[in-house]
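The sequence and structure are shown first.

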Amino acid sequence: MSGVLIVAVAGPMLLLAVAAAEIVGAWRRNVALGAVIEDWASDHPFLAALLAAFVGAFAAHIFWHS
Amino acid sequence: MTRPPRPNLTLGTGNGRRALRKLANVRQAHYATPVGAAALLTVLLGAAVLRFHGTPVSSCQSLRPDAWPTAAFVAIVSAFLLGGVTGKLHPGSDASPGIWTHAALTLFAAVVAVVWGYETWAIANPSQNHVDPQPITFYVMCVRSNESDWTLFVFVMAALLVGRWLWHRPRAARLRAGAADRSHGAPKTSEATGVKPREEARGPS
């Protein structure tokens with residue numbers, strides 16, 4: 001199994017796990033994973049903005065690379 | 001003229017009825033983002049296995065730049081904004097997170113830490129002639145070079161979820177939304193859900 005296949009599969013799989021956790025949390029009418037992060041983002045808006053900027057910079061790094 | 005009484009089509013009682021009611025709730029708006037993302041990512045996962053099975057890293061000796069970088073930028077930023085909008089559909093909650101939520105969050109952070117550690121190690125120890133192991137960002141660029149649209153799609157999904165979580169919403173507004181949601185649906189009490197409200201969980205101050 002090559003590293004290319006592992007990364008090509010691991011990225012969507014990680015996001016799929018996150019989406020599944022969201023569905024289970026909403027299904028059980030419980031406090032979902034996202035709600036905990038939303039609470040943290042509400043309490044620390046500047047850190048949340050920095051984290052979002054980092055994700056955006058990573059995406060730009062991938063797509064602007066030549 | 002009076003209408004005849006409607007037949008009772010509810011099947012079963014107890015747990016079965018509750019399961020059917022929950023299944024009907026999946027049509028609610030706040031399920032749209034995670035259910036849609038899960039369905040699309042499942043398809044993409046299968047396609048990625050078929051496409052990249054047996055693809056060597058040596059096939060990425062020359063990475064092609066993306067054909068539409070500005071369009072990719074617009075798509076990712078738009079997905080982030082859309083995630084911020086759809087995040088408002090999610091009902092707030094004044095409940096305290098359970099042990100499984102904390103465990104999942106810890107596991108997620110651990111995975112990110114391990115991946116980041118590998119990335120650091122791989123950058124510090126570069127391999128020659130484009131053979132494994134390479135930094136994860138190189139593999140991502142390799143996948144993007146081969147299937148630019150797929151990679152953009154994954155990043156759009158990630159931006160959607162990040163926007164859903166990190167978009168700033170004051171806590172009070174989310175709690176009001178949660179209270180309004182519960183007033184229209186089944187009552188949510190600590191006895192029914194087994195989850196203690198925050199103040200109850202903290203104990204008397």
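## Confidence

Within chain B, helix 2 of chain B has the highest confidence, at a mean of 86, and helix 8 (residues 190-193) of chain B the lowest, at 44. The model is predicted, and its scores are ipTM 0.78 and pTM 0.68. The average pLDDT of chain B is 72, with 61% of the residues scoring at least 70. Over residues 185-205 of chain B pLDDT stays under 50, and for this stretch the model has 24 contacts beyond four places in sequence. Where pLDDT is low, the predicted coordinates should not be read in detail.

## Chains

Chain A holds three helices and zero strands, in the order α-α-α along the sequence. Of its 66 residues, 39% are buried. Chain B has nine helices and zero strands, so that its pattern from the N terminus is α-α-α-α-α-α-α-α-α. Buried residues account for 25% of the 205 residues of chain B. When contacts in chain B between residues at least 6 apart in sequence are considered, 81% join residues at least 24 apart.

## Interface between the chains

Chain B contributes 60 residues to the contact and chain A contributes 44 residues. On the side of chain B that touches chain A, two or more residues come from each of helix 2, helix 3 (69-86), helix 4 (99-124), helix 5 (136-146), helix 6 and helix 7 (171-184) of chain B. Helix 2 of chain B gives the most to this side, with eleven residues. By class, the side of chain B that touches chain A consists of 39 nonpolar, twelve polar and nine charged residues.

| Helix pair | Axis distance | Angle |
|---|---|---|
| Helix 1 (residues 3-27) of chain A and helix 2 of chain B | 9 Å apart | about 165° |
| Helix 2 (residues 32-52) of chain B and helix 6 (residues 148-166) of chain B | within 11 Å | roughly 155° |

With its angle of roughly 155°, helix 2 of chain B is roughly antiparallel to helix 6 of chain B. Helix 2 of chain B passes helix 6 of chain B in a left-handed crossing. On helix 2 of chain B the contact is made by Thr33(B), Ala37(B), Leu41(B), Leu44(B) and Ala48(B), while the residues from helix 6 of chain B include Trp150(B), Phe153(B), Met157(B) and Arg164(B). The residues of this contact divide into ten nonpolar, one polar and one charged.

Helix 1 of chain A and helix 2 of chain B are likewise roughly antiparallel to each other, and helix 1 of chain A passes helix 2 of chain B in a left-handed crossing. Among the residues in this contact are Leu5(A), Pro12(A), Leu16(A) and Glu22(A) of helix 1 of chain A, and Pro34(B), Ala37(B), Leu41(B), Leu44(B), Ala48(B) and Phe52(B) of helix 2 of chain B. By class, the contact has 21 nonpolar, one polar and one charged residues.

An α-helix has 3.6 residues a turn, so residues three or four places apart point the same way.

## Helix 5 of chain B

Buried residues in helix 5 of chain B are Phe138(B), Tyr139(B), Val140(B), Met141(B), Cys142(B), Val143(B) and Arg144(B). Their cover includes helix 1 and helix 3 (45-63) of chain A, together with helix 6 of chain B.

Key: Residues numbered from 1 in each chain as written. Chains lettered and ligands numbered in written order. Predicted model: local features only at pLDDT ≥ 70, side-chain atom pairs only at ≥ 80, totals over all residues. Axes fitted to C-alpha atoms, helices over the stretch in contact; angles between N-to-C directions. Helix = DSSP H or I, 4+ residues; strand = E, 2+ residues; numbered from the N terminus. Parallel < 35°, antiparallel > 145°, perpendicular 65-115°, else oblique. Left-handed = near helix turned anticlockwise from the far one by under 90°. Contact = placed C-beta atoms within 7 Å. Nonpolar A, V, L, I, M, F, W, Y, C, P; charged D, E, K, R; others polar. pLDDT = per-residue confidence, 0-100. Buried ≥ 20, exposed ≤ 12 C-beta atoms within 10 Å, placed from the backbone.
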